[in-house]
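This briefing is meant for a reader who is new to the structure shown below.

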Amino acid sequence: MGIEGSVSSGFASADVRRLARRGSGLLSDGSIRHKAFRLGSTEPPLVTLLKELQGPVVAVTTLALCLTGYHVLLSLECLAFALIIFLVSNRVLSTPHTQTDPSGQPHIRPTPLRVLLEWSTVSALLAFLATALKFTQLFPNRALLTWFIVTPVALLTSNYGTIHLTRWWNSRRGLHRHIIIGATDIGIELAKRVGQESSPGNFLGFFDYRDRQRLPAVAPEQWAGACNDVADFVQRHAVDAIYIALPISTAPRIAELLRELRDTTASIYFVPNLFAFDLVQPRCMEIHGIPALAVCETPHRGMSGLRKRAIDMVLAVMALLLFGPLMLIVGAAVKWSSPGPVLFRQRRYGLNGEEIFVYKFRTMVVCEDGAIVTQATRDDQRITPLGRFMRRTSLDELPQILNVLEGKMSFVGPRPHAVAHNEQYRKLISGYMIRHKVRPGITGWAQVNGLRGETDTVEKMRERIQYDIDYMNNWSILLDLKILVRTILVVLRGDRAY
């Protein structure tokens, strides 16, 4: 018996080795080691190509029209410059698309302000290259100036035209027949948003494992049946797309569904309800071919972070040139008005929770930076007369321009708190430390919404943290500019500052 068992084991091992060698030529053998995840699109290839080339083609076309209008003969140098324009525009200009906001309403991106900012970047790069390569001698200045002014208008017009053309193109492809498996919150929201499109296709209804009576949110005409019959329904009604909106906890049922649907030609999409979690800057990504979902991420990754830092540097240099003389005067006044240092350096938490020193003009007779830091109150006796004026007008914050130049702070972001306050509130408020995933700011979203000054209760601090996280979730260059403008108005009013 032992000999037979040995022989059988030997044959089994040989079979396994032979099957392994036979399958070694497969690109994927079912193992996770040989699988990769890619971010994709459901658009037809021609639509994607149209969107990708629209911006560069418009930039080159407007240049050709401007040169023709000013009677410039097209030469080999002109073609070389046009190629540079095409390549630079293709890397900088955003592709037009329809984006759905949280209310479900579609709107066209990029916005006019973003188009203007992107075209300004393209223009600056082209001006540098044209000067370096001596292309400016080939074109009249009036032609180039006309081109710089006309092109953003042409880009905006072509963006709207491209979006409407792609919608018409999609509608000509015939009705898109789709179903949703899972009458869940995310499934119902998906049906609503898809139905708001100009060519939503033909929604054939919901399937679910639960009885119809247990789904009061689903209209009777939207109910298609139980999941046991879904594969047969898909074949009989020639369904094009299947959206699986079942909870992640039902993974065994999802796997069984996928096995049943392998006998169909429908495209299958898994739409998990990730919004059920407390997300900060959620986004889909791939890490070396493995799918991942960012559930808590900084908005300043990649080019977004580069744009944010570049704007901070430009504003810091301009502010230093503009307010430098005023800072010298205020510093002298602080030195003359009361004994003590001119600048107050206090430890705060910066990006990723690292300790930084934040500079301010001293406004008190004390410089607290220990384990216990008492917040300033309305009639605080520690504040000097000059310090009270500086705090009301925010002049004490001017040295933080140096923090921005150092890269420790930004002009806009969550206001940094003293280390002692951080250690106190992080134990009392859930998600408090998330605010440190971005650089702290001289001004912030909470401050321009009335949360400026003393936070004498935990509830006030919790509300401030909610505004900070809301800023991180909705960050954009436009929001930063909006906060800067509102900050000026808040400072001029001088409310809640003491």
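Lys 360, Asp 396, Glu 397 and Arg 415 are linked in a network of salt bridges, a salt bridge being a side-chain nitrogen of Lys or Arg within 4 Å of a carboxyl oxygen of Asp or Glu. By this rule the count comes to 15 salt bridges. The model is predicted, so local features need pLDDT of at least 70 and side-chain atom pairs count only at pLDDT 80 or more, while totals for chains, interfaces and linings use all residues. Residues are numbered from 1 along each chain as its sequence is written, and side-chain values use heavy atoms, with hydrogens and water left out.

- Lys 192 and Glu 189 both lie in helix H6 (residues 185-195), 3 residues apart, about one turn of the helix; helices are DSSP runs of H or I with at least four residues, strands are runs of E with at least two, and both are numbered from the N terminus.
- Arg 193 and Glu 189, both in helix H6, are 4 residues apart, which is likewise about one turn of the helix.
- Lys 192 is partly exposed because its relative accessible area is 41%, where buried means under 20%, exposed over 50% and partly exposed in between (1.4 Å probe, protein chains only).
- Glu 189 counts as partly exposed at 24%, and Arg 193 is partly exposed at 30%.

- Arg 210 and Asp 208 meet through their side chains in a salt bridge of 3.0 Å, N to O.
- Arg 210 is partly exposed, with a relative accessible area of 26%, whereas Asp 208 is buried, with 4%.

**Surroundings of His 436**

- His 436 is found in the loop between helix H12 (419-425) and strand S13 (441-443), and His 436 is buried because its relative accessible area is 4%.
- The side chains of His 436 and Asn 422 are joined by a polar contact of 3.1 Å, that is, a pair of N or O atoms within 3.5 Å, where within protein one must be able to donate a hydrogen and the other to accept it, and residues adjacent in sequence count only if both atoms are side-chain atoms.
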